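Student: I'm new to this one. Could you walk me through it and tell me how we know each thing?

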Amino acid sequence: MIPDDPQELNALAGEYVLGVLDGDAAREIEAALDKNDALRRAVIFWEERLHGLSPLAPPASPPPGVWDNIAARIASKKATALSPLWNSLVLWRSSTALAAAAAAALALYIAVMPPSGPRFVAVLRAPQQDQPAWVATAGGQGLLLHAVAGEAAPRDRAFELWAIAPGAPSPKSLGVIPANGRLELGTLPAAIRAGSTLAISIEPKGGSPTGQPTGPVVFTGALVAAR
Amino acid sequence: MKIRSISSSAAPIAARASMDKAAESGHRGGAKGGVAGLMDKPTASLSSVRDLIEAVQGGSQAALKRLYEIESRRLFGIALRILRRPELAAEAVQDAFVQVWQRAASFSPERGDAAAWLTAIVRYRALDMIRKSGREILSDDPTLGDVAEAPDIVERLDLKLAQGALRRCLGELDDNQRRCIVLAFVEGLTHAEIAERLPAPLGSVKSWVRRGLIALRSCLEP
C-alpha cells in the first residue's frame with residue numbers, strides 16, 4: 001500500500017532510495033512510480049538530495065576492460081541492447097530487408113555443401129545490419145556454425161548460440177562458441193527445424209549461468225530449409 | 001535485468017541553476033534541435049555531465065565514453081563501497097553505463113542534477129546485485145575491515161560533505177538517525193544489517209531511519 005499522507009509517502013520514498021526496504025516493498029514502489037506522480041517526485045527528491053552523501057564513498061579506478069565491455073555491449077546492439085530476446089526476434093522477423101543480402105551468402109554455402117549434407121542453413125547478422133556475420137548449416141550430421149566476419153566476443157566474455165523453435169517457450173542453448181569462431185555439434189538438436197531461429201548472445205565465459213540468455217542478443221538468423 | 005525507478009519528471013527549482021550553468025558554458029545547443037549539433041562537436045569539449053547525457057540522448061557513443069572517463073571513478077567508488085568486491089563493482093558500473101545508453105532518453109531536463117541520476121542508476125544496480133548475491137559471503141574478506149569503518153564514515157561527514165543544506169540538516173538529526181541513514185546510503189545496508197552492525201534492536205533501527213528521513217525532509221524542504 002502506497003500511503004496518501006505526504007509525510008508517510010516521503011518517508012517511504014526515502015527508504016526506497018536508501019535501499020532499506022525488502023524486495024516486495026521495493027517492487028511495489030517501482031510498480032507504482034509510473035502512475036503516482038507524488039511518489040515519483042518524492043523518489044526524485046531523495047535521489048537528488050541523498051546524492052550529496054556520495055562523496056563519502058572514496059572514488060576508485062575501475063579495472064581495465066570495463067569500458068571495452070560497455071562499448072562492446074552497446075555497439076553490438078545499438079538499437080535493441082538488452083531488450084528481450086523475443087523482441088529482437090520479432091523485429092528481425094518482421095523485416096523483409098534480410099532476404100536479399102542473405103541470399104548471396106546462402107547461395108555460396110549451398111553450393112559447397114556435400115550433397116547428403118545439411119538440410120537447413122541460416123545466416124546470422126547483427127540487428128539492422130546487412131552484413132552477414134555467421135553462417136550455420138545443420139542436418140543429419142549435426143550443426144556447423146562459423147564466423148564469416150571475424151567477430152570476437154568482448155574480453156572475458158563468450159558468444160553463446162541459441163535455438164528458438166517455433167512455439168517453444170524459451171531459447172535452447174546449443175553451446176558456447178569457441179574463440180576460433182567455429183562451433184560443431186555432432187548431432188542435430190531437436191530445436192533445429194524449419195522456422196527455428198538461431199541467436200547469439202554475449203555471456204560470461206563458460207556460458208550463461210542460468211540456461212537462458214543473460215547478455216544482449218547480438219546476432220540472429222532464421223533457419224531455412226535447403227534443397 | 002530489472003531497472004529501478006530513476007524516474008524523470010519535474011524537479012524544476014534545482015534544474016534552473018544547472019541549466020543556466022550549462023548555457024553559459026556555450027555547449028548546450030538548446031532543446032532537442034541542439035542535440036544533433038552537439039554530436040558534431042569534439043566530445044572532449046563537452047565538460048558538464050548534463051551536456052554529455054544530452055549528447056548520449058542524441059546517440060553519441062563518444063559522449064558516453066567521455067561520461068565514463070569523467071564519472072567512472074566516482075561511480076565505481078560508490079559501487080565498491082556497497083559490493084566490496086572490485087569485480088562485482090565493475091559489473092555494476094558496466095551495467096549502469098549500458099542502462100545510461102539505453103535510458104538516456106528518459107533523462108528529462110527538468111531533473112535537477114545529472115550526476116545524481118547517474119548515482120541513482122549505479123546504486124540501484126549495486127543494491128540489486130548485493131541483495132541477490134547475499135552480503136554474508138561478501139563481508140568475509142578481512143582486508144576490508146568494514147566493521148571498523150562504520151563509525152569512521154559518520155564522523156567524517158563534516159570533512160567529506162560539501163557545505164550546504166544536506167550537511168546542516170544531517171547535523172540536526174540525532175546521532176542514531178544520522179548513522180542509520182548514512183550507513184544505508186553509503187554501504188547499502190538493510191535495516192537488519194544496520195541493526196547487526198551498530199548493534200541495536202531492529203525495531204529501533206527502523207524507527208531511526210524513518211524518523212530521520214522525516215526530520216531530514218522537513219529540514220531540507222520546510
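Tutor: Here are some questions and answers about this structure.

Tutor: This is a predicted model, where local features need pLDDT of at least 70, side-chain atom pairs count only at pLDDT 80 or more, and totals for chains, interfaces and linings use all residues. Residues are numbered from 1 along each chain as its sequence is written, while chains are lettered from A and ligands numbered from 1 in the order in which they are written.

Student: Why is A:Arg125 called buried?

Tutor: A residue is buried if 20 or more other C-beta atoms, placed from the backbone, lie within 10 Å of its own, exposed if 12 or fewer, and partly exposed in between. A:Arg125 has 22 within 10 Å, so it counts as buried.

Student: Where is A:Arg125 in chain A?

Tutor: In the loop between strand E1 (120–124) and strand E2 (134–139). Strands (E, at least two residues) and helices (H or I, at least four) are DSSP runs, numbered from the N terminus.

Student: What is A:Arg125 in contact with, leaving aside neighbours within four places in sequence?

Tutor: A:Gln131, A:Pro132, A:Ala133, A:Phe219 and A:Gly221. Being in contact means that the C-beta atoms, placed from the backbone, lie within 7 Å.

Student: Which residues touch the most other members of the largest nonpolar core?

Tutor: B:Val56, B:Ala79, B:Val93, B:Val122 and B:Ala184, out of 79 residues in that core. A nonpolar core is a set of buried Ala, Val, Leu, Ile, Met, Phe, Trp, Tyr and Cys residues joined through C-beta atoms within 7 Å. Helix H6 (residues 114–133) of chain B gives the most to this core, 13 residues.

Student: What does B:Ala184 touch, not counting residues up to four places away in sequence?

Tutor: Residues of both chains: A:Leu18, A:Gly19 and A:Val20, along with B:Leu189, B:Ile194 and B:Val209.

Student: Which elements of chain A have the lowest and the highest mean pLDDT?

Tutor: Helix H5 (residues 85–94) has the lowest, at 39, and helix H1 (residues 6–18) the highest, at 96. The scale, the predictor's confidence in each residue, runs from 0 to 100. Residues 78–101 of chain A stay under 50. Where pLDDT is low, the predicted coordinates should not be read in detail.

Definitions and conventions:
Two residues are in contact if their C-beta atoms, placed from the backbone, lie within 7 Å.
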